[in-house]
Amino acid sequence: MTSEPASEPGSTLEIRTALPAEAETIAELHLRARSTYYPDGVPQAEFDWTEAWRGSIERADGRVLCAVEEGRLAGMASFRTPEGAGEDTVKLFQFHVDPDRWRGGIGTALHTACVGEWRAAGRRTAVLDVHVDNLRAQGFYARQGWVPDPENPPAAGDHHLFLRYAVPPGE
(Lines give C-alpha, C1' and ligand atoms only; values in the text may rest on other atoms or scores of the structure.)
Protein backbone atom coordinates (compact mmCIF):
# COMPACT_ATOMS: atom_id res chain seq x y z
CA MET A 1 0.00 0.00 0.00
CA THR A 2 1.35 3.40 -0.98
CA SER A 3 0.21 6.82 0.13
CA GLU A 4 1.10 9.89 -1.83
CA PRO A 5 0.26 13.53 -1.12
CA ALA A 6 -2.76 14.64 -3.14
CA SER A 7 -3.27 17.93 -4.86
CA GLU A 8 -5.46 19.45 -2.14
CA PRO A 9 -3.87 20.55 1.14
CA GLY A 10 -4.65 18.17 3.97
CA SER A 11 -5.87 15.33 1.79
CA THR A 12 -4.07 12.12 1.00
CA LEU A 13 -4.08 9.88 -2.00
CA GLU A 14 -3.78 6.17 -1.34
CA ILE A 15 -2.61 3.84 -4.11
CA ARG A 16 -3.54 0.24 -3.35
CA THR A 17 -4.62 -3.06 -4.88
CA ALA A 18 -8.23 -3.06 -6.05
CA LEU A 19 -10.75 -5.29 -4.31
CA PRO A 20 -13.27 -7.50 -6.17
CA ALA A 21 -16.11 -5.66 -4.38
CA GLU A 22 -14.97 -2.46 -6.13
CA ALA A 23 -15.49 -3.82 -9.66
CA GLU A 24 -18.76 -1.96 -10.24
CA THR A 25 -17.31 1.38 -9.08
CA ILE A 26 -14.25 0.81 -11.25
CA ALA A 27 -16.45 -0.02 -14.26
CA GLU A 28 -18.43 3.20 -13.73
CA LEU A 29 -15.24 5.29 -13.61
CA HIS A 30 -13.96 3.42 -16.69
CA LEU A 31 -17.12 4.36 -18.62
CA ARG A 32 -16.94 8.04 -17.56
CA ALA A 33 -13.30 8.27 -18.65
CA ARG A 34 -13.82 6.46 -21.97
CA SER A 35 -16.82 8.65 -22.78
CA THR A 36 -14.51 11.66 -23.02
CA TYR A 37 -12.64 10.42 -26.10
CA TYR A 38 -15.31 8.62 -28.10
CA PRO A 39 -17.29 11.44 -29.73
CA ASP A 40 -19.78 9.06 -31.38
CA GLY A 41 -20.49 6.94 -28.31
CA VAL A 42 -18.51 4.40 -26.34
CA PRO A 43 -18.04 1.07 -28.12
CA GLN A 44 -19.08 -2.01 -26.19
CA ALA A 45 -21.18 0.10 -23.81
CA GLU A 46 -23.51 -2.89 -23.33
CA PHE A 47 -20.59 -5.18 -22.42
CA ASP A 48 -20.51 -6.38 -18.80
CA TRP A 49 -17.58 -4.25 -17.72
CA THR A 50 -18.24 -4.92 -14.04
CA GLU A 51 -17.62 -8.63 -14.57
CA ALA A 52 -14.59 -7.89 -16.79
CA TRP A 53 -13.08 -5.70 -14.07
CA ARG A 54 -13.81 -8.31 -11.41
CA GLY A 55 -11.96 -10.83 -13.58
CA SER A 56 -9.00 -8.47 -13.96
CA ILE A 57 -8.86 -7.87 -10.22
CA GLU A 58 -8.94 -11.60 -9.49
CA ARG A 59 -6.34 -12.60 -12.12
CA ALA A 60 -3.30 -14.23 -10.57
CA ASP A 61 -1.04 -12.99 -13.39
CA GLY A 62 -2.00 -9.31 -13.26
CA ARG A 63 -2.61 -6.34 -11.01
CA VAL A 64 -5.24 -3.65 -10.72
CA LEU A 65 -4.23 -0.65 -8.67
CA CYS A 66 -6.68 1.96 -7.38
CA ALA A 67 -6.08 5.57 -6.49
CA VAL A 68 -8.39 6.51 -3.62
CA GLU A 69 -8.70 10.09 -2.43
CA GLU A 70 -10.96 11.17 0.43
CA GLY A 71 -12.52 7.68 0.40
CA ARG A 72 -13.52 7.96 -3.26
CA LEU A 73 -12.10 6.01 -6.19
CA ALA A 74 -10.22 8.55 -8.29
CA GLY A 75 -8.27 6.36 -10.72
CA MET A 76 -7.20 2.86 -11.62
CA ALA A 77 -4.58 0.98 -13.60
CA SER A 78 -4.55 -2.61 -14.84
CA PHE A 79 -1.42 -4.39 -16.06
CA ARG A 80 0.05 -7.82 -16.70
CA THR A 81 2.43 -9.64 -19.03
CA PRO A 82 0.95 -9.51 -22.54
CA GLU A 83 0.38 -12.78 -24.36
CA GLY A 84 3.51 -13.92 -26.18
CA ALA A 85 5.83 -11.44 -24.43
CA GLY A 86 8.80 -12.16 -22.22
CA GLU A 87 8.62 -11.85 -18.45
CA ASP A 88 10.55 -8.57 -18.60
CA THR A 89 7.65 -6.89 -20.45
CA VAL A 90 4.41 -5.62 -18.95
CA LYS A 91 1.37 -4.19 -20.70
CA LEU A 92 -0.65 -1.37 -19.22
CA PHE A 93 -4.11 -2.51 -20.35
CA GLN A 94 -6.18 0.19 -18.63
CA PHE A 95 -5.26 3.48 -17.03
CA HIS A 96 -8.01 5.93 -16.11
CA VAL A 97 -8.49 8.89 -13.81
CA ASP A 98 -11.95 10.18 -13.04
CA PRO A 99 -12.51 13.13 -15.41
CA ASP A 100 -13.66 15.22 -12.42
CA ARG A 101 -10.17 14.74 -10.95
CA TRP A 102 -7.98 15.41 -14.01
CA ARG A 103 -4.89 17.60 -13.63
CA GLY A 104 -4.68 17.08 -9.89
CA GLY A 105 -1.65 14.78 -9.76
CA ILE A 106 -3.61 11.54 -9.41
CA GLY A 107 -2.51 10.14 -12.78
CA THR A 108 1.12 10.95 -12.08
CA ALA A 109 0.98 9.31 -8.63
CA LEU A 110 -0.77 6.25 -10.07
CA HIS A 111 1.78 5.98 -12.89
CA THR A 112 4.63 6.28 -10.38
CA ALA A 113 3.11 3.43 -8.35
CA CYS A 114 2.84 1.29 -11.50
CA VAL A 115 6.47 1.94 -12.38
CA GLY A 116 7.50 0.99 -8.84
CA GLU A 117 5.64 -2.32 -9.14
CA TRP A 118 7.13 -2.99 -12.57
CA ARG A 119 10.64 -2.27 -11.33
CA ALA A 120 10.18 -4.49 -8.26
CA ALA A 121 8.98 -7.32 -10.54
CA GLY A 122 12.04 -7.01 -12.80
CA ARG A 123 10.15 -5.52 -15.74
CA ARG A 124 12.32 -3.57 -18.14
CA THR A 125 9.76 -2.56 -20.77
CA ALA A 126 6.14 -1.48 -20.58
CA VAL A 127 3.81 -1.22 -23.57
CA LEU A 128 0.33 0.14 -24.10
CA ASP A 129 -2.06 1.19 -26.80
CA VAL A 130 -3.99 4.44 -26.66
CA HIS A 131 -6.96 5.52 -28.78
CA VAL A 132 -5.93 7.93 -31.56
CA ASP A 133 -8.63 10.42 -30.49
CA ASN A 134 -7.46 10.45 -26.87
CA LEU A 135 -5.03 13.34 -27.19
CA ARG A 136 -5.18 14.11 -23.46
CA ALA A 137 -3.88 10.61 -22.62
CA GLN A 138 -1.25 10.78 -25.34
CA GLY A 139 0.08 14.02 -23.82
CA PHE A 140 0.07 12.49 -20.34
CA TYR A 141 1.99 9.43 -21.48
CA ALA A 142 4.53 11.57 -23.34
CA ARG A 143 5.14 13.60 -20.16
CA GLN A 144 5.76 10.32 -18.29
CA GLY A 145 8.39 9.21 -20.84
CA TRP A 146 6.37 6.93 -23.16
CA VAL A 147 7.42 6.97 -26.82
CA PRO A 148 5.99 5.46 -30.02
CA ASP A 149 6.71 1.73 -30.10
CA PRO A 150 9.14 1.12 -32.99
CA GLU A 151 8.04 -2.54 -33.15
CA ASN A 152 4.40 -1.53 -33.70
CA PRO A 153 4.20 1.48 -36.01
CA PRO A 154 0.71 2.73 -36.81
CA ALA A 155 -0.90 1.28 -39.91
CA ALA A 156 -3.52 2.95 -42.08
CA GLY A 157 -6.89 2.81 -40.38
CA ASP A 158 -5.54 1.96 -36.91
CA HIS A 159 -7.63 3.38 -34.09
CA HIS A 160 -4.82 2.98 -31.58
CA LEU A 161 -1.24 4.15 -31.22
CA PHE A 162 1.26 1.80 -29.61
CA LEU A 163 3.62 3.24 -27.03
CA ARG A 164 6.64 1.88 -25.15
CA TYR A 165 8.25 2.84 -21.86
CA ALA A 166 11.71 1.94 -20.61
CA VAL A 167 11.28 1.09 -16.93
CA PRO A 168 14.13 2.83 -15.12
CA PRO A 169 16.38 0.55 -13.07
CA GLY A 170 16.07 0.53 -9.29
CA GLU A 171 18.21 2.82 -7.22
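Predicted model: local features only at pLDDT ≥ 70, side-chain atom pairs only at ≥ 80, totals over all residues.
1. Strand β5 spans residues 89-97 and includes Phe-95. Of its 9 residues, 7 are buried, so the strand is largely enclosed by the rest of the structure.

2. Two strands pair with β5. Strand β4, residues 72-80, runs antiparallel to β5, and 6 bridges join the two. Within that arrangement, Phe-79 stands opposite Leu-92 of β5. Strand β6, residues 125-131, pairs with β5 in the parallel sense over 3 bridges. Here Lys-91 has Val-127 of β6 as its bridge partner.

3. Is Phe-95 buried or exposed? Its relative accessible area is 11%, and because the cut-off for buried is under 20%, Phe-95 counts as buried. Leaving aside residues up to four places away in sequence, Phe-95 touches Met-76, Ala-77, Gly-107, Leu-110, His-111, Cys-114, Phe-140 and Tyr-141. One of these, Leu-110, is 15 residues from Phe-95 in sequence, with a C-alpha to C-alpha separation of 8.7 Å.

4. The model has 9 salt bridges by the distance rule applied. Side chains of opposite charge can pair when their charged atoms come close. In the pair formed by Arg-16 and Glu-22, the closest N and O atoms are 2.4 Å apart. Both partners are buried: Arg-16 has a relative accessible area of 18%, and Glu-22 is at 17%.

5. Asp-88 and Arg-124 also meet through their side chains in a salt bridge, at 3.2 Å from N to O. This pair links distant parts of the chain, 36 residues apart: Asp-88 sits in the loop between β4 and β5, and Arg-124 in the loop between α3 (106-120) and β6. Asp-88 is partly exposed at 24% relative accessibility, whereas Arg-124 is exposed at 57%.

6. Which residue forms a salt bridge with Lys-91? The partner is Asp-129, with the closest N and O atoms 2.9 Å apart. Lys-91 is buried, with a relative accessible area of 17%, while Asp-129 is partly exposed at 27%.

7. A further group is worth checking in the viewer.

Note on methods. Residues numbered from 1 in each chain as written. Heavy atoms only, no water. Helix = DSSP H or I, 4+ residues; strand = E, 2+ residues; numbered from the N terminus. Buried < 20%, exposed > 50% of the residue type's maximum accessible area, 1.4 Å probe, protein only. Contact = heavy atoms within 4.5 Å. Pairing = 2+ DSSP bridges. Salt bridge = Lys/Arg side-chain N within 4 Å of Asp/Glu carboxyl O.
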